[in-house]
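Student: Please show me the sequence and the structure, and let us then discuss the fold in questions and answers.

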Amino acid sequence: SQKIEQNSEALNIQEGKTATLTCNYTNYSPAYLQWYRQDPGRGPVFLLLIRENEKEKRKERLKVTFDTTLKQSLFHITASQPADSATYLCALVLTGGFKTIFGAGTRLFVKA
Amino acid sequence: ETGVTQTPRHLVMGMTNKKSLKCEQHLGHNAMYWYKQSAKKPLELMFVYNFKEQTENNSVPSRFSPECPNSSHLFLHLHTLQPEDSALYLCASSQEGRTSNYNEQFFGPGTRLTVL
């Protein structure tokens, strides 16, 4: 069966440390993988996209890796801040572009 | 602000009511989406419209009826809903080029729907 899985438990880290979130999927062949941030009571906000032929993408303090052999993406936030506390969603964009499959998200808490 | 607005932000309705959710995007995008988000569950794609044509209907019950009169507006008409339909309903838009497939989506704030 097709699945996309993210850590269901919340991740608690200390300010200044690197947060690493995991996204695993099975039986999908995504063209792209995206990461979104969602704050309580608000819609998700797009952060980064990585293509199937890319290994790594960076944007400021964010880094995403994509291993299509392992069917896994890792999302890193370096020098984390309390303002980074939110739920982070990974999303697979399937061939054709319009069908996007979201994971349930991982809640991140960064303590000052 | 993401440029996607949704009204109302909160809605409480009985199972026999008929109501509509409205979404408007001010970004000049050509694709619009409806998602359902229930507590601790992934976003579920409901409908996709590309250039006003429905391109995806993800096995959604007929008590949910979408309407896309133009590329800036999207409606979700609701009738005879069930309590399990209570959720956050999110609208999104994206710009699809003829050769690009990035599908970066811009979401509205959502409508929190409660069905009694």
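**The open sheet**

Tutor: In this predicted model, chain A holds an open, antiparallel sheet of five strands in the order β1-β3-β8-β7-β6. Strands are DSSP runs of E with at least two residues, numbered from the N terminus, and two strands pair if DSSP finds at least two bridges between them. Residues are numbered from 1 along each chain as its sequence is written. Local features need pLDDT of at least 70, whereas totals for chains use all residues.

Student: Which residue is the bridge partner of A:Gln6 in β3(A)?

Tutor: β1(A) and β3 (residues 19-26) of chain A run antiparallel and are joined by four bridges. Within β3(A), A:Gln6 has as its bridge partner A:Cys23.

**The whole chain**

Student: How many helices and strands are there in chain A?

Tutor: From the N terminus on, the elements run β-β-β-β-β-β-β-β-β-β-β. The counts for chain A are zero helices and eleven strands.

Student: What percentage of the 112 residues in chain A is buried?

Tutor: Buried means under 20% relative accessible area, with a 1.4 Å probe and protein chains only. By that criterion, the buried share of the 112 residues in chain A is 49%.

Methods:
Chains lettered and ligands numbered in written order. Predicted model: local features only at pLDDT ≥ 70, side-chain atom pairs only at ≥ 80, totals over all residues. Heavy atoms only, no water. Buried < 20%, exposed > 50% of the residue type's maximum accessible area, 1.4 Å probe, protein only.
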